[in-house]
Amino acid sequence: MRATWKLHLLTAFVLLFFHGVGGDWSGDYSKLSGIIIPGLASTQLRAWSILDCPYSPLDFNPLDLVWLDTTKLLSAVNCWLKCMLLDRHNQTDHPDCKSRPDSGLSAITELDPGYITGPLSSVWREWVKWCIEFGIEANAIIAVPYDWRLSPSMLEERDLYFHKLKLTFETALKLRGGPSVVFAHSLGNYVFRYFLEWLKLEIAPKHYVQWLDEHIHAYFAVGAPLLGATETVKGTLSGLTFGLPISEGTARLMVNSFASTLWMMPFSKYCRGENKCWKHFSGENRSKSGHQTYHCEEREFQSNFSGWPTNIINIEIPAIRGYEAYPSVTEVTGANLSSIECGLPTQLSFSAREIADGTFFKAIQDYDPDMKRVLYQLKKLYHDDPVLNPLTPWDRPPLKNIFCIYGTDLKTEVGYYFAPSGKPYPDNWIITDVIYEIEGSLFSRSGNLVEGNPGASSGDETVPYHSLSWCKNWLGPKVNITRAPQSEHDGSDVQEELNVEHHHEEDILPNMTRLPRVKYITYYEDSESIPGRRTAVWEIDKANHRNIVRSPVLMRELWLQMWHDIHPDAKSKFVTKAKRGPLRNEDCYWDYGKARCAWAEYCEYRYLFGDVHLGQSCRLKNSRADLLSHYL
């Protein structure tokens with residue numbers, strides 16, 4: 001019986017992954033492929049040069065890990081930086097060393113493999129383990145790593161990335177006979193968006209949607225910063241260390257050499273280009289060169305903070321104008337500091353729109369030598385991009401099935417206060433305060449309540465809720481909402497509201513209760529507004545931005561939804577939320593209060609050699625061949 005049950009479960013999950021999501025096409029279980037587009041800093045980079053590192057026993061040779069090899073980072077940081085840095089203007093490699101993205105699943109599972117560093121740098125490893133556990137074939141999971149340091153246009157210019165991605169979809173269809181399911185995380189969603197726009201220039205308009213229907217069956221947008229992320233601004237001014245043992249100044253030098261940092265700058269939901277071909281911001285009317293104006297709705301100027309919870313940047317401008325405000329170390333040593341003119345600094349505030357259109361960077365370019373470079377990259381690589389200006393809101397793409405998934409209710413940075421540090425570049429700015437959103441309120445770093453426009457919830461510790469929840473605008477005017485505990489449950493705490501009215505660009509606030517210390521997942525589902533298309537938004541309480549892709553709750557819900565979709569007896573468009581029982585042996589545990597395995601309907605005590613505690617001996621019952629029938 002155990003073998004029979006395993007066969008049923010294996011067949012179920014293989015079918016769910018390869019037969020299709022909401023499948024309206026027939027064929028055997030091996031038809032569907034899964035394509036993973038990782039996020040920022042989630043792809044290994046390998047050296048493609050020979051670099052001798054003085055004063056270090058470790059050199060860089062071709063195919064050596066660069067991102068990420070903490071051993072070489074600690075022992076030869078200057079060499080490591082040479083392999084990571086790009087030219088600030090043309091995004092070419094350092095003259096002494098170049099790096100290129102690795103390929104295959106191994107490039108995205110663990111960034112720094114090792115007994116200690118492996119688990120700490122794990123990204124997609126758990127995801128792949130789930131696929132293996134449920135019998136997914138190796139050639140059905142396709143990773144499409146990319147050089148996350150580059151802007152989208154440079155990805156295509158240098159690596160032909162989007163041509164290769166198109167070929168990947170077409171090869172998967174030809175190889176397996178069915179379309180693909182796209183899993184994108186964080187910056188990977190921006191990459192996928194750019195690909196969809198780039199595709200419009202490669203395929204005749206009348207065949208565009210047909211190509212999408214044939215090659216892409218579902219899109220899972222995980223942790224998508226759809227209106228940008230405030231941390232990118234912090235990285236531009238003070239650096240992002242990514243948790244590595246490097247100074248913020250060194251991190252700023254590195255991060256600012258990456259054009260991709262500007263890709264996720266926060267922007268206003270009220271401002272768009274006048275047509276899909278124009279991709280250039282301008283504060284004036286149509287220019288002589290043919291560029292059109294960046295059109296903002298009247299609400300942009302009537303509302304506070306471009307619709308965000310607060311101003312993104314509050315910065316003190318030094319009294320001394322020009323680069324002399326930040327003298328070099330030698331100048332500081334030889335200067336008579338008593339002769340420096342004193343004056344009161346001016347504090348300026350900037351909204352998301354003023355960051356995206358370059359106003360902020362223009363305002364401080366006389367005080368920061370790197371801002372001219374930022375403005376140059378912003379205009380050339382984003383505003384003037386002939387395919388897409390990504391610093392504009394994203395409407396629902398014309399795909400069959402879209403699932404937008406993100407974490408909520410975590411302390412997330414939404415605004416910063418900067419001041420001059422008195423040090424030379426790159427350490428010329430310091431953060432004097434940070435504004436956080438915490439479950440519907442705004443607080444400063446010192447804990448004081450801050451006025452603003454907080455959302456109904458907070459973000460995922462990296463991306464603000466305002467940006468993550470933009471995909472709710474992809475839902476129609478009538479939405480079904482369900483809230484259920486994340487853990488296994490019998491349905492007693494499941495709440496449901498049907499046909500809730502939803503107005504475009506307004507958040508949906510379910511009239512539901514929460515029990516203390518219970519983590520919930522809230523589902524917003526719409527299968528009626530667009531015939532033949534489904535849209536769902538999943539909000540997962542306390543799910544961290546980086547770790548959400550290895551969340552067991554997310555994996556369970558993905559598998560159950562897809563299993564439901566391919567089953568011929570399924571009566572609804574989305575999987576039922578009425579009950580959640582154990583799906584794997586790891587889900588069974590020992591109930592010390594009842595002195596037996598919990599979930600007796602599903603689990604039993606069965607000791608195997610090597611078990612070291614009672615919970616480890618709790619396993620799924622042999623006779624549960626109909627385990628998944630509860631979810632139809």
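Tutor: The following account treats the aromatic pairs, beginning with the overall count and ending with a neighbouring residue. The model is a predicted one. Its aromatic pairs number 30. One of them joins Phe 169 and Phe 195, whose ring centres are 5.6 Å apart; the planes meet at 20°, under the 30 degrees required, so this pair is stacked. Phe 169 belongs to helix 8 (residues 161-176) and Phe 195 to helix 9 (residues 187-200), so the pair ties together parts that are 26 residues apart in sequence. Both Phe 169 and Phe 195 are buried.

A second stacked pair is formed by Phe 220 and Phe 403, with ring centres 4.8 Å apart and planes at 10°. Here distant parts of the chain are linked, since Phe 220 is in strand 7 (residues 216-222) and Phe 403 in strand 12 (residues 401-408), 183 residues apart. Phe 220 is buried, its relative accessible area being 0%, and Phe 403 likewise counts as buried at 0% relative accessibility.

Phe 169 and Phe 195 also belong to a cluster linked by ring pairs. Among its other members are Tyr 146, Tyr 161, Phe 162, Phe 192, Tyr 194 and Trp 198, together with Trp 211, Tyr 219, Trp 394 and Trp 474.

His 215 lies in helix 10 (residues 205-215) and is buried, with a relative accessible area of 5%.

Note on methods:
Residues are numbered from 1 along each chain as its sequence is written. This is a predicted model: local features need pLDDT of at least 70, side-chain atom pairs count only at pLDDT 80 or more; totals for chains, interfaces and linings use all residues. Side-chain values use heavy atoms; hydrogens and water are left out. Helices (H or I, at least four residues) and strands (E, at least two) are DSSP runs, numbered from the N terminus. Buried means under 20% relative accessible area, exposed over 50%, partly exposed in between (1.4 Å probe, protein chains only). Rings of Phe, Tyr and Trp (its six-membered ring) pair if their centres lie within 6.5 Å; planes under 30 degrees apart count as stacked, over 60 as edge-to-face and the rest as tilted.
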